[in-house]
Amino acid sequence: MWGLFAAAAVVGFLWYRRQVLDFIRALWAELLALLSDLFGRKKRSPDRPATETREPPRPFAAFRNPFHSGQASRVALEQLVRYTFEALEAWAFERRAARRADETPLEFADALHDRFPALADDARQLVRLYSHMLYARSKPTRECLPILQRLWEEMSRPTRQYSAAPAE
């Protein structure tokens, strides 16, 4: 029986040797990177800059409040959530709280929480909806409409209310 297992392993290796060798090389590279990180020999890769910058979003003024224009009732909820998230990124960018290139949507919401507590809870709920749409492929329900509407109302308030927040 052990001979059959050994023969199957040899045949499997010969049949899939390229994939097996690629896997072993990748595993070895990950192990070396892990050991390097553990022992403090961190090297910045030459092809990746120290800080990645994101392209600036379009201005927040280019976004129209879908609840005032009536679009909220005419577009799909997924589209409304995506549009609101893009508007939130533009709004934050104009207040020097832009989302970093290496920042997840949830980390972005946490950073906004610290600087803009008035919209923090609704921003976190928006980001949860957005993340669930992107990664879990779930669809938002109509219960999200009040959250989005409150967020739009808060983002539409005059800028002077947020001028006292410290810039990062």
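**Exercise 1: An aromatic pair in a helix**

At 49% relative accessibility, Phe5 falls in the partly exposed class. The model is a predicted one.

Task: Classify the geometry of the ring pair Trp2 and Phe5, and state where the two residues lie.

Solution. 
1. A pair of aromatic rings is described by the distance of the centres and the angle of the planes.
2. The structure holds 8 aromatic pairs. In the pair formed by Trp2 and Phe5, the ring centres are 5.9 Å apart and the planes meet at 65°.
3. Pairing requires centres within 6.5 Å, and planes over 60 degrees apart count as edge-to-face; the pair of Trp2 and Phe5 is therefore edge-to-face.
4. Both residues belong to helix H1 (residues 2-15), with a spacing of 3 residues, about one turn of the helix.
5. Trp2 has 73% relative accessibility and so counts as exposed.

**Exercise 2: Phe60 and its surroundings**

Task: Which aromatic cluster includes Phe60, and which residues does Phe60 touch, not counting those up to four places away in sequence?

Solution. 
1. Phe60 forms one aromatic cluster with Phe63, Tyr83 and Trp152.
2. Within this cluster, Phe63 has Arg58 over its face, at 4.0 Å from the ring centre.
3. With residues up to four places away in sequence left out, Phe60 touches Ala87, Ala90, Trp91, Glu94, Trp152 and Met155.
4. The largest nonpolar core has 32 residues, and Phe60 is among those with the most contacts inside it, as are Trp91 and Met155.
5. Helix H4 (77-94) is one of the elements that give two or more residues to this core; its 9 residues are the largest share.

Notes. Residues numbered from 1 in each chain as written. Predicted model: local features only at pLDDT ≥ 70, side-chain atom pairs only at ≥ 80, totals over all residues. Heavy atoms only, no water. Phe/Tyr/Trp six-rings, centres within 6.5 Å; stacked < 30°, edge-to-face > 60°. Helix = DSSP H or I, 4+ residues; strand = E, 2+ residues; numbered from the N terminus. Buried < 20%, exposed > 50% of the residue type's maximum accessible area, 1.4 Å probe, protein only. Lys NZ or Arg CZ within 6 Å of the ring centre and 35° of its normal. Core = buried A, V, L, I, M, F, W, Y, C linked by side-chain atoms within 4.5 Å. Contact = heavy atoms within 4.5 Å.
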